[in-house]
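I set out to record what I looked up in this structure, entry by entry.

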Amino acid sequence: MTLSEPSARIALAALLHDLGKLAERAGIEVDADSLESHKTNYCRWHEVGRYHSHIHAAYTGIAWDALEATRHFPDLRRDSPPFASGGDDITDSAVNAAAMHHRPDTFLQWIVATADRVASGFERDKFDSEYNDKKERDNHYRARLLTLFEQIGKAEIKEGELAWRYPLKPLAPENIFPQLANACTPSGNATAKAEYHALWEALIEGIKLIPKSHVANLPLWLDHFDSLWLTMTHAIPAATAFGVKPEVSLYDHSKAAAALATALWRWHHETGNTGPEAAQELRERNEDWGIEKLLLVQGDFFGIQDFIFAEGGATQKHAHKLLRGRSFQVSLLAECAALKLLEALELPPTSQIINAAGKFLIVAPNTEPARASVARCRKELNVWCLEHTYGEIGVGIATTAASCNDFTAGHFGELTKRLFAALDAAKHRRFDLCDSNATAAFDGFLDGFDNTLGVCAINGRHPANPKASTQRRYPLSRLADDQIRIGEALTKHARLLVAKEADTLPVLGLDYFGFRLAFVPEAEASGKYGELARSGNLRRVWDFDAPNADGTLWRGYARRFVNSYIPRFDANDEQLADKYGKWESEVEFDRTHPIKTLHHIACEDRQLSESGGWKGEIGLVTLKGDIDNLGSIFQQGLEKPTFAKMASLSRQVNAFFSLWLPWFCEHGKDANGVTRYRNTYTVFAGGDDFFLIGPWDSTLALATALREKFAAYVVNETTTFSAGLIMTQPKMPVRQLARSAERALDAAKSFKKDGKKKNAVTLWSQSVGWADWQALMGKRRAALEALMACAGSHGAEFSTGLTYSLIQLADRSESKRPEDAIWRSQLHYRLARFFRDRVKGDDNARERREKLLADAIGEIGGALGTYKGAYRLPLSVLLYRQRD
């Protein structure tokens, strides 16, 4: 018997063990007798004071019934091992295992209860007194989720010292930003409960969007429900009682509990230890908590950027499709690698705790079959990467055994260090090349070439495939053909089917670690594959469509935040088509799916001149950045780290870049309310880094906005990111863009000011801290533009020659050469001569010249004195804007 379905049932029970917290805080309607019955069954009775505590446990049972009533929820009342069949009165039913976590009795109930405690990281000598025996505080309706980012780098924090909270709203790009406590904390319980009730209603309506045909396929359904659960509970505090900081969301706590419960049950099941004795051992928490029952499986893809920006072929055809296709293909490989491990381990989707930017973490049982499955998958993943990418990309798999004790607050920091060390070691053992089985993939490399076709015209190394080459009419490998097909599909489709067999699906050419992938256009089309779902052939359906303008995410399918934002033409662009220079004839332009090429994007910041022509540089800016010192943040940032906190922090870091940033590029507005960033191409954005290409001036403004938004997101000045920007012509190969941007980012990471490194930005070989960047590209640039406008109104429009002279003076202002020390005098002379030659006429000309000169010396001289060579940044911007 396969263990996939039983494991998924355990996971669902643990995932929803705190469902009652949402239902109780929402004040859902419930019959008084039913509530009393559920209190008696699930809540702790305190003889002193004569009251039930942990009322939410009763509401878990009630809310479970409400979800079942939608008929889009799995029926776990019959034929549902390891749970007993029958109604709620059966002791070992799924709902009882979920709701009895505060007064567990049976083995299965203790599995969920133990996972609940381990996920929280409570010390063993504390959770009896702190976890079970005190009344909940009055503010559990009004308490709002704290942000972990605010606490990074801080010592012990007292209640009231943290200023920021998350608004209690469904997951959406704008809802992930914290607000000041008084802005989002309701003043009364009625308002607070109304916010919870809106979430409850959205959960009930949202579950009805999951196709009914998917309900019987529990792993498939659970993947969908996990996304719905995330959407509705990401901002609900999991714990608000006993003085506990409400810092972990209900989603992150319950997801961690589900993964741990599944692994614990599997360890006990596979070791034959599931009787009353096992329950007693879990209850006593002595030696049992020291047994290494858990196996943490980490995966990390390497070579990602070299793979995305690879070059070497004889043709530049499909360059833009390849760029977005490769980026998405990397995400697919990471998803499919994790799915391969989950299926080999017979684990549900909730066992995958972390999934971002090519990295994943799975919680498995530490059993011999599990270890053997991981070893087998490692070899198969290596062989696939060698066979299809010839080592350009690979995945490192690391395993770390752990006990329940390792997850308690006093030990989890050490476990985190072990996880990092294990993954680092895996990166240095790429492909296990000392293993003869791993190198066998190379044995037939030369035989794979067709003498008439030769190498792939796209990458110049892989053997061309006859079928792919015939369809495209030039030599093409299967991998490159898939990349082009993915690039095409991303502009037309919104969902991806993952199946074991191709059948009649319009699948990609390659299998991806044993899975066949097919893009489908809309939800209705995906829903037609019900028979595939019922048969078990359909493993996953992933929705990767962009959020709506209002931020709506949930559409009934599992979400994957892996798609990039791609600029498209609209009616306004067509009216200004002469800005592009006959863009209709641009290679690969498709009127049905009008995607802008990099050439079009490079023209977007041109402005109409007074003469009716277009002025301004045709150019791109590539923006690459990542968070500074992220590893130390995870290893040392939080004073009392726990498993759920680690998962939460990872998810929230990823959300800023993978969820908010692409949405902001499409819908974000600047300070003037203009949707300015819609021409920015997000090549990749996720994990802790991003790579964007956009029109030069708008992308400079986006860099500033991105820094400001990130600061508002983390609300902690010690958590920063650095960025490198390069300006180029649109015809420069993307590979060269990537290399130059990487060098600029390295320069920013090496920048040092006031004894502190990083937290900087580099452009035109000039590195500055973000504070100086914001001043230079904000106030100083605005003041310079105002000065130029004033001068122009008096007939002294700044010339490109003057701007070049000012840039030279910026260089001299930071020079150490003695002859450059007179830059102030040179500035005065140059400006005085400029205004003398241009401001002429009536008797007031001299007065106007002197006023303009004084203003120019004050602004430009003052800025040069303060910022030295960095003042070339706003000067260069104005120079490029002047060009015809």
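Throughout these entries I take contact to mean heavy atoms within 4.5 Å. I note at the outset that the model is predicted.

Entry 1, nonpolar cores. I looked up the largest nonpolar core and found that it has 180 residues. Phe 835 and Ile 860 are the residues with the most contacts inside it. Helix α26 (residues 643-667) supplies the largest share of this core, 15 residues. Another core lies apart from it and has 67 residues, including Phe 431, Ile 486, Ala 489 and Tyr 512. For background, I note that nonpolar side chains in soluble globular proteins tend to be buried together.

Which residues are in contact with Phe 835, leaving aside its neighbours within four places in sequence? I found Ala 791, Ala 796, Phe 798, Arg 849, Leu 852, Leu 853 and Ala 856.

I next examined helix α29 (residues 770-793) and helix α32 (residues 845-867), whose axes come within 10 Å and cross at roughly 165°. Angles over 145 degrees count as roughly antiparallel, and α29 and α32 are therefore roughly antiparallel to each other. The crossing in which α29 passes α32 is left-handed. On the α29 side, I listed Asp 772, Ala 775, Leu 776, Arg 780, Ala 783, Leu 784, Leu 787, Cys 790 and Ala 791 as making the contact. On the α32 side, Leu 852, Asp 855, Ala 856, Glu 859, Ile 860, Ala 863 and Tyr 867 take part. I sorted the residues of this contact of α29 with α32 by type: 12 are nonpolar, four are charged and none is polar. Ile 860, in the contact on the α32 side, is also one of the two residues named for the most contacts inside the largest core.

I found that the peptide bond from Pro 81 to Pro 82 is cis, with omega near 10°. Pro 82 is placed in the loop between α4 (56-69) and α5 (94-99).

Glu 346 is not a glycine, yet its phi is positive, near 55°. I located Glu 346 in the loop between α15 (319-345) and β6 (352-356). Is Ser 765, in turn, buried or exposed? Ser 765 counts as exposed, at 76% relative accessibility, whereas Glu 346 is partly exposed, with a relative accessible area of 22%. Ser 765 also has a positive phi, of about 65°, without being a glycine. I found Ser 765 in the loop between β21 (760-763) and β22 (766-769).

Methods: Residues numbered from 1 in each chain as written. Predicted model: local features only at pLDDT ≥ 70, side-chain atom pairs only at ≥ 80, totals over all residues. Heavy atoms only, no water. Axes fitted to C-alpha atoms, helices over the stretch in contact; angles between N-to-C directions. Helix = DSSP H or I, 4+ residues; strand = E, 2+ residues; numbered from the N terminus. Parallel < 35°, antiparallel > 145°, perpendicular 65-115°, else oblique. Left-handed = near helix turned anticlockwise from the far one by under 90°. Nonpolar A, V, L, I, M, F, W, Y, C, P; charged D, E, K, R; others polar. Core = buried A, V, L, I, M, F, W, Y, C linked by side-chain atoms within 4.5 Å. Buried < 20%, exposed > 50% of the residue type's maximum accessible area, 1.4 Å probe, protein only.
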